[in-house]
Structures are given as structure tokens and as C-alpha cells.
Amino acid sequence: MSTAEDQNVECPLCMEPLEMDDINFFPCTCLYQICRFCWHRIRTDENGLCPACRKQYPEDPADFKPLSVEELHRIKNEKRQRDLQRKQKLSENRKHLANVRVVQKNLVFVVGLPPRLADAETLKKQDCFGKYGKTHKVVVNQSTSYAGLQGPSASAYVTYYKAEDALRAIQAVNNVKVDGRTLKASLGTTKYCNYFLRGQQCPKTDCMYLHELGDQ
């Protein structure tokens, strides 16, 4: 017979997790356990027979001992503790990913941009990166650390909604000369969201970091 510790058991008929009040609910003498919703449905809308032994369900459940307030509190506390331990373990398992950079297949990293193109709105236009697909976000880095011998230039991260658009953009602009500078384009990398690393739901709907394991 199931006990109060089995609160994660599912009803075999509707496949929904048993409510805490259903944990000690056994409507038939064969002790085949289902939830009270399915029991009521079988008795009122169907043939009223136990799905396991095919005996008629009695008017009152064969074995039903409602949980006491103390038992309910204990089960809730135990579940809360297990959830906390699970999140802590998950966080420990993902800790090594904090400094990992992951290739993002819909992200283009381009360097060598001349000053006139070093603007997010300009790069989104249809005569620029917008021609290869719908962009989700563009971030421009004005740093000249990638300039090399070409003189002052900027870099940018262009995020597309579709990976194939990012690939098309890379193929089109890589090694193209603009204002005397050679553009270099490749897939960009990103990192894991801190909420994901902690096993928590990210509250930011527009978060650009990863929320699932990617190809490293």
C-alpha cells in the first residue's frame, strides 16, 4: 500500500500526480489506487467497475484515511526540502559551465566595421544585415581592439531569429571589403544564464543568454 511519502505517484488512468489527499485513497478492496476524480468519473459516467479487478466499486471507498493537518505539513516540508536539495545539486553540477562560451548558431560576430556602420540601427537595415533575415538584436562594440592594421573599426553581434539567416549573413559578408577594411564574420559565442546555472526560471523574457545545454 502507498504511504504518505509516495506523493509523487501518478494516477494510472489520467496520469496526473496524485493530490496529497489522494495518497491514502484506495477505492477498491484490491487496493488498486486511482485518484478521486477518476473514481468519481467511473462511478457516475462509466460502468462503475474497478479497472484492475473488475469488481463493482462500493459506495464508500474500501480504504481511505484522510491525511491529518500534521501529515500534510510534514509532506509539504519534505517536498520543499527535496526541491531545495535538487536545485542545489543541479547548481553544483552546472557550476563548471559558468565560464564556458558556447557557439550560438543564430548569432553573427563581425569585426572590421567602419565608423559609418558602427550603429545598431544602421546594421539592422535592409541594405545591411537586415537583408539576410529578421534580426532579433544587434549590439555594437566600439572598441578598436580588432582593428589591426586597418585603422579604427568596430565589431558587432547580430542575433537573428533563424540560424539559417545567420549562416547566410556570414557567407555574404565574410572577407568583403568596406571602406578599405576587410570584414570578418563568424558564428558568435555566448554564455549560460546565471538563473539556468542555479536551476531557476529566468524572469527576463528577452534574456539573450542560454537556458539549455548547447554545443560547446
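Asp 165 has a relative accessibility of 8% and therefore counts as buried, where buried means under 20% relative accessible area, exposed over 50% and partly exposed in between (1.4 Å probe, protein chains only). The structure is a predicted model, in which local features need pLDDT of at least 70 and side-chain atom pairs count only at pLDDT 80 or more, while totals for chains, interfaces and linings use all residues. Residues are numbered from 1 along each chain as its sequence is written, and side-chain values use heavy atoms, with hydrogens and water left out.

**Salt bridges**

Asp 165 forms a salt bridge with Arg 168, the closest N and O atoms being 2.3 Å apart; the term denotes a side-chain nitrogen of Lys or Arg within 4 Å of a carboxyl oxygen of Asp or Glu. Both residues lie in helix 4, 3 residues apart, about one turn of the helix. Helices (H or I, at least four residues) and strands (E, at least two) are DSSP runs, numbered from the N terminus. Arg 168, at 39% relative accessibility, counts as partly exposed.

The whole structure holds 6 salt bridges, including those tabulated here.

| Salt bridge | Closest N to O |
|---|---|
| Arg 168 and Asp 165 | 2.3 Å |
| Glu 121 and Lys 124 | 3.5 Å |

Arg 43 is partly exposed at 27% relative accessibility, whereas Glu 59 is exposed at 60%. Glu 121 and Lys 124 are both in helix 3 (residues 120-124), 3 residues apart, about one turn of the helix. Glu 121 is exposed, with a relative accessibility of 51%, and Lys 124 is partly exposed, with a relative accessible area of 32%.

An open sheet is formed by 4 strands in the order 4-5-3-8, with antiparallel pairing; two strands pair if DSSP finds at least two bridges between them. Strand 4 (135-141) and strand 8 (184-190) stand at the edges with a single partner strand each, so one side of each has no neighbour in the sheet. From one strand to the next, the twist averages 30 degrees. Strand 3 and strand 8 are joined by 6 bridges, and Phe 109 has Ser 186 of strand 8 as its bridge partner. Helix 4 lies across strand 3, strand 5 and strand 8, running at about 30 degrees to strand 3. Axes are lines fitted to C-alpha atoms, for helices over the stretch in contact, and angles run from 0 to 180 degrees between N-to-C directions.

**Nonpolar cores**

A nonpolar core is a set of buried Ala, Val, Leu, Ile, Met, Phe, Trp, Tyr and Cys residues joined through side-chain atoms within 4.5 Å. The largest has 21 residues, of which Val 108, Val 110, Leu 113, Leu 123, Phe 129 and Tyr 160 touch the most other members. Strand 3 (102-113), strand 5 (154-160) and helix 4 (163-173) each supply at least two residues of this core. Another core, of 11 residues, lies apart from it and includes Phe 25, Cys 28, Ile 34 and Cys 50.

Beyond its neighbours within four places in sequence, Tyr 160 is in contact with residues including Val 108, Phe 129, Asp 165 and Ala 169, contact meaning heavy atoms within 4.5 Å.

**Helix 1**

Cys 38, Trp 39 and Ile 42 are buried in helix 1 (residues 36-45).
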